[in-house]
Amino acid sequence: MAKIKDNRTDQTLCPVARAETVVGDRWTVLVLRELFARSHRFEEIQAQTGGTPQMITARLKKLEADGLVTRRVYNKRPLRHEYHLTEKGTAFFPVLMALRAWGETWCKSPKEGRAMTYTHLVCGKPAGLGPVCESCGEPVRREDMVGERTPKYQKERDARWDTFKASR
């Protein structure tokens with residue numbers, strides 16, 4: 001195998017190694033989680049991930065450079081941007097859902113309950129955790145689902161936001 005320069009794996013055919021260079025750290029995955037949750041503004045993303053401004057800035061810049069995120073101006077004075085998923089970024093949804101399913105199954109006690117519930121709009125019933133709807137067996141796509149935070153998870157997110165705002 002050719003020598004890898006600058007810690008890049010673009011010289012390998014391994015798609016896992018290549019994908020890891022784009023989304024292979026905790027902060028990047030949490031930033032993507034927030035973008036899927038429709039948190040588009042920097043401070044929303046920072047508050048919910050707990051990352052430092054420098055960390056979130058670096059991840060957003062890398063996601064933009066890699067074509068997963070695009071910036072849109074929402075305020076000219078002072079200049080402020082919102083961050084939105086591109087088609088490439090949106091294509092990460094099944095990966096995020098697989099992480100969610102694995103985390104719900106293996107990283108939490110069943111007593112804690114799920115953080116989110118998803119309704120499959122195709123059948124109008126619970127979608128469950130898998131890549132197919134647990135109610136109708138059809139594949140789930142982001143555009144065919146609506147998610148709702150459980151009250152406990154919403155309270156957790158509200159507390160993070162309140163703590164973040166109080167620290168400013």
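Q: Where is Lys 62 found?
A: Lys 62 belongs to helix H4. Helices here are DSSP runs (H or I, at least four residues), as are strands (E, at least two), numbered from the N terminus. This is a predicted model, so local features need pLDDT of at least 70 and side-chain atom pairs count only at pLDDT 80 or more, while totals for chains, interfaces and linings use all residues. Residues are numbered from 1 along each chain as its sequence is written, and side-chain values use heavy atoms, with hydrogens and water left out.

Q: Why is Lys 62 called partly exposed?
A: Its relative accessibility is 34%. Buried means under 20% relative accessible area and exposed over 50%, with partly exposed in between (1.4 Å probe, protein chains only). Lys 62 therefore counts as partly exposed.

Q: What does Lys 62 contact beyond its neighbours within four places in sequence?
A: Thr 21 and Val 22, where contact means heavy atoms within 4.5 Å. Lys 62 and Val 22 are 40 residues apart in sequence, yet 7.7 Å apart in space, C-alpha to C-alpha.

Q: What makes His 81 count as buried?
A: The relative accessible area of His 81 is 18%, so the residue is buried. His 81 sits in strand E2. Leaving aside neighbours within four places in sequence, His 81 touches His 40, Arg 71, Arg 72, Val 73 and Tyr 74.

Q: And why is Arg 38 called exposed?
A: Arg 38 has a relative accessible area of 59%, so the exposed label applies. Arg 38 lies in the loop between H2 and H3, and its phi is near 70 degrees, a positive value in a residue other than glycine.

Q: How do you know that Phe 36 and Phe 93 form a tilted pair?
A: Rings of Phe, Tyr and Trp (its six-membered ring) pair if their centres lie within 6.5 Å; planes under 30 degrees apart count as stacked, over 60 as edge-to-face and the rest as tilted. These two rings are 5.5 Å apart, centre to centre, with 50 degrees between the planes, so the rule gives a tilted pair. The count by this rule is 2 aromatic pairs.

Q: What does the pair of Phe 36 and Phe 93 tie together?
A: Phe 36 is in helix H2 and Phe 93 in helix H6 (residues 93–106), so the pair links parts that are 57 residues apart in sequence. Both Phe 36 and Phe 93 are buried.

Q: Which residues of H3 meet H4?
A: Phe 42, Ile 45, Gln 46 and Thr 49 in H3 meet Pro 53, Ile 56, Thr 57 and Leu 60 in H4. By class, this contact has 5 nonpolar, 3 polar and no charged residues. Here Ala, Val, Leu, Ile, Met, Phe, Trp, Tyr, Cys and Pro count as nonpolar, Asp, Glu, Lys and Arg as charged, and the others, Gly among them, as polar.

Q: Which residues of H3 are buried, and what covers them?
A: In H3, Ile 45, Gln 46, Ala 47, Gln 48 and Thr 49 are buried. Their cover includes helix H2 (26–36), H4, strand E2 (79–85) and helix H7 (151–166).

Q: Which peptide bond is cis?
A: The bond from Arg 77 to Pro 78 is cis, with omega near -5 degrees. Pro 78 is in the loop between strand E1 (69–76) and E2.
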